[in-house]
Amino acid sequence: MGKPSETAQRTAFARAWESYLSAETRVCFDPIAKHLLAEEWRLAATTEEGRESFSQEVITPNPVLVAVWEYVVLRTRVIDALLQDYAQNGMAQLLILGAGFDSRAYRFPELVGKVKVLEVDDPDTQEFKKTGLSEHFGSLPDHVGFVPLDFEKHDLAASLAQAGFDRDLKTLVIWEGVTYYLEPRAVDQTLAFVAGHTPAGSSIIFDHILEQAIEGKCRNPLLQAFIQNVAEIGEPCKFGLDPEQVDQFLTQRGFGDVTNLTVAQCKEKYLQPVHADRKPIEGFSIAQASVA
Ligand SMILES: C[S@@+](CC[C@H](N)C(=O)[O-])C[C@H]1O[C@@H](n2cnc3c(N)ncnc32)[C@H](O)[C@@H]1O
């Protein structure tokens, strides 16, 4: 087995770190994240000693990392809330694209046994996750199907058909923390799959990064530092969108009812006064649309 995605581990780490905080202060709660991390990451996120040395050695000298993590836990809170709304409104199938260590299939009781879940991800990352899930739960939960593939090389429709994806079920697609790591062509192909293979009334939620940042024209030094950092660890950003163009972009690709929330709008809508000191990195947005 090759190495799991570093960015997937980082996002799960951010959620495990956040989940250690009290219910009043945390932005999201993912009690499963820690079980999917490598041992050294788990100890750093969930022990007093580990947290103290991690704070001193990694967090304090690294404002970019902190700002990105603040965004990761914010987006998890937003998407968790949206998922719960969809679960109450007839969602019968959940497709998680680039799932990484997303634990929604296992931590929302409204899904288990009621909603068919398929997780798609890079094969090495998915194998690592499956090992963690088996160790934590004793076996792989049987309401979830796993589809290993590369969005840039493989045919999503064929792989999902083989895995039992049901084209007739009202589906929610979650594509969190992934679009920026893909070639524009793979983004288009994936959107075409969703628009063409799910029934009307199905929906997609995905986040995206500013197009300007991909082009190196963004004035936000934190965002440019993020782009440089992920390129250095071998997961370069390749795709971005102008938030003003999201509606047109998705309408042209077969979607309707488009909403797009910038980080500032997400903060305003989903955070509480107790979170006032949180400073998630600006330059990302969360889009939501339905299949027309
Ligand atoms: C930042 S992680 C996000 C993981 C998860 N969705 C979350 O929010 O915690 C990016 C994910 O995209 C996946 N990914 C990136 N490029 C991919 C590709 N070409 N094919 C399949 N998966 C890819 C990685 O394996 C990783 O799980």
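Predicted model: local features only at pLDDT ≥ 70, side-chain atom pairs only at ≥ 80, totals over all residues.

## Around the ligand

Which residues come nearest to the ligand? Of the 20 residues around it, they are Arg15, Gly98, Asp121, Asp150 and Glu176. Helix H1, residues 6–19, gives the largest share of the shell, with 4 residues.

## Polar contacts and cover

Arg15 places a polar side-chain atom 2.8 Å from an oxygen atom of the ligand. Gly98 takes part through its backbone, with an N or O atom 2.8 Å from a nitrogen atom of the ligand. Asp122 also has a backbone N or O atom facing a ligand nitrogen atom, at 3.4 Å. How much of the ligand does the protein bury? The ligand exposes 590 Å² when taken alone, and 93% of that is buried by the protein.

## The nonpolar cores

The largest nonpolar core has 67 residues, and the members that touch the most others are Phe13, Leu94, Phe226 and Phe284. Helix H4, residues 63–88, supplies the largest share of this core, 14 residues. Another core, of 31 residues, lies apart from it and includes Leu95, Leu149, Phe151 and Ile204.

Setting aside residues up to four places away in sequence, Phe13 touches Leu37, Trp41, Ala44, Ala45, Phe54 and Trp69.

Tyr86 sits in helix H4. Is Tyr86 buried or exposed? Its relative accessibility is 18%, so Tyr86 counts as buried. Beyond its neighbours within four places in sequence, Tyr86 is in contact with Met91, Leu172, Ser203, Ile205 and Gln288. Lys170 is 84 residues from Tyr86 in sequence, yet their C-alpha atoms are 10.0 Å apart in space.

Asp257 belongs to strand S6, residues 255–262. Because its relative accessibility is 68%, Asp257 counts as exposed. Its backbone also deserves a look: the phi of Asp257 is near 50 degrees, a positive value in a residue other than glycine. Most residues other than glycine have a negative phi.

How values were computed
Residues numbered from 1 in each chain as written. Heavy atoms only, no water. Core = buried A, V, L, I, M, F, W, Y, C linked by side-chain atoms within 4.5 Å. Buried < 20%, exposed > 50% of the residue type's maximum accessible area, 1.4 Å probe, protein only. Helix = DSSP H or I, 4+ residues; strand = E, 2+ residues; numbered from the N terminus. Contact = heavy atoms within 4.5 Å. Near = heavy atom within 4 Å. Polar contact = N/O pair within 3.5 Å; in protein donor to acceptor, adjacent residues only side chain to side chain. Areas by Shrake-Rupley, 256 points an atom, 1.4 Å probe, with all protein chains shown as cover.
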